[in-house]
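Please keep both in view while working through the numbered points.

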Amino acid sequence: MNSKRVLLIFYRNPEKGKVKTRLASTVGADKALKIYLQLAEHTRNESAALQDCDKIVFYSNEVEQDDIWSQKVFKKQKQVGDDLGQRMQNAFEYAFAAGYEQACIIGTDCLELNTEILAGAFRQFENGDTVIGPAEDGGYYLLGLKQIIPTLFLNKRWSTDSVLFDTIEDFKKLQLSFIELETLNDVDTEDDLPMDWRTMHD
């Protein structure tokens with residue numbers, strides 16, 4: 001452990017037909033996989049540039065040693081749990097058990113997420129108990145905690161537009177102060193892609 005801060009990156013192993021399925025329904029599985037890998041590379045580049053922060057990639061299926069995530073920069077673990085909530089809770093528990101004091105979790109779906117926003121998220125721990133980055137689809141692209149809060153990962157309809165609202169309601173019920181970052185757009189469908197990305201892979 002080189003820092004008291006850690007970025008947890010949830011990464012789905014890149015298998016054709018199993019990533020970006022909503023996107024694939026309109027652009028095809030091949031193009032969806034290419035776009036997914038480019039999103040992952042964007043996330044890798046922006047997170048690698050984050051200073052004074054360890055980074056751990058959590059793989060959905062199996063840890064891959066020789067891939068886009070350099071082991072010189074990123075530690076690697078496998079996700080554990082039956083649903084997304086359990087997997088995220090277990091990742092946070094892993095981080096805090098390892099001695100980290102601040103942890104933020106992200107996926108690899110947000111093209112608008114950059115190093116500056118990530119660094120700002122960690123700075124916001126000075127102002128609140130938790131940090132959350134709202135996504136335009138009603139979910140969140142980042143969640144930051146200073147301790148494990150199991151309630152946040154229970155009774156959520158993951159991948160629906162109620163996740164952000166329900167999570168903020170949990171903050172309020174638990175009397176946790178929270179900082180909302182700027183709202184960003186996750187890439188889930190063809191409409192979420194920048195125009196140059198829509199034509200680049202044709």
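1. Phenylalanine 92 and phenylalanine 96 are both buried, where buried means under 20% relative accessible area, exposed over 50% and partly exposed in between, with a 1.4 Å probe and protein chains only. The model is a predicted one, in which local features need pLDDT of at least 70 and side-chain atom pairs count only at pLDDT 80 or more, while totals for chains, interfaces and linings use all residues. Residues are numbered from 1 along each chain as its sequence is written, and side-chain values use heavy atoms, with hydrogens and water left out.

2. Helices (H or I, at least four residues) and strands (E, at least two) are DSSP runs, numbered from the N terminus. An α-helix has 3.6 residues a turn, so residues three or four places apart point the same way.

3. Helix 3 consists of 14 residues and spans 20 Å from its first C-alpha to its last, close to the 20 Å expected at 1.5 Å a residue; the expected span is 1.5 Å times one less than the number of residues. Its buried residues are Gly85, Met88, Gln89, Ala91, Phe92, Ala95 and Phe96. Viewed down the axis of helix 3, these fall within an arc of 160°, so they line one face of the helix; the arc is that of the directions from the helix axis to the C-beta atoms. Strand 1 (5-11), strand 2, strand 4 and strand 6 are among the elements that cover them.

4. Which parts of the chain does the pair of phenylalanine 58 and tyrosine 94 tie together? The model holds 10 aromatic pairs, a pair being rings of Phe, Tyr and Trp (its six-membered ring) with centres within 6.5 Å; planes under 30 degrees apart count as stacked, over 60 as edge-to-face and the rest as tilted. Phenylalanine 58 and tyrosine 94 form one that is edge-to-face, at 6.0 Å centre to centre and 85° between the planes. Since phenylalanine 58 lies in strand 2 (residues 54-59) and tyrosine 94 in helix 3 (residues 84-97), the pair ties together parts that are 36 residues apart in sequence. Phenylalanine 58 is buried at 4% relative accessibility, whereas tyrosine 94 is partly exposed at 36%.

5. Glutamine 79 sits in the loop between strand 3 (75-78) and helix 3, and is buried at 8% relative accessibility. Its side chain reaches the backbone oxygen of phenylalanine 58 at 2.9 Å. The side chains of glutamine 79 and arginine 87 are joined by a polar contact of 3.0 Å; such a contact is a pair of N or O atoms within 3.5 Å, and within protein one must be able to donate a hydrogen and the other to accept it, while residues adjacent in sequence count only if both atoms are side-chain atoms.

6. Strand 6 (residues 140-145) is mostly covered, with 6 of its 6 residues buried. Strand 6 pairs in the antiparallel sense with strand 4 (residues 102-106) over 4 bridges and with strand 5 (residues 130-134) over 5 bridges; two strands pair if DSSP finds at least two bridges between them. Leucine 142 of strand 6 is the bridge partner of isoleucine 106 and also of glycine 133.

Key: Contact means heavy atoms within 4.5 Å.
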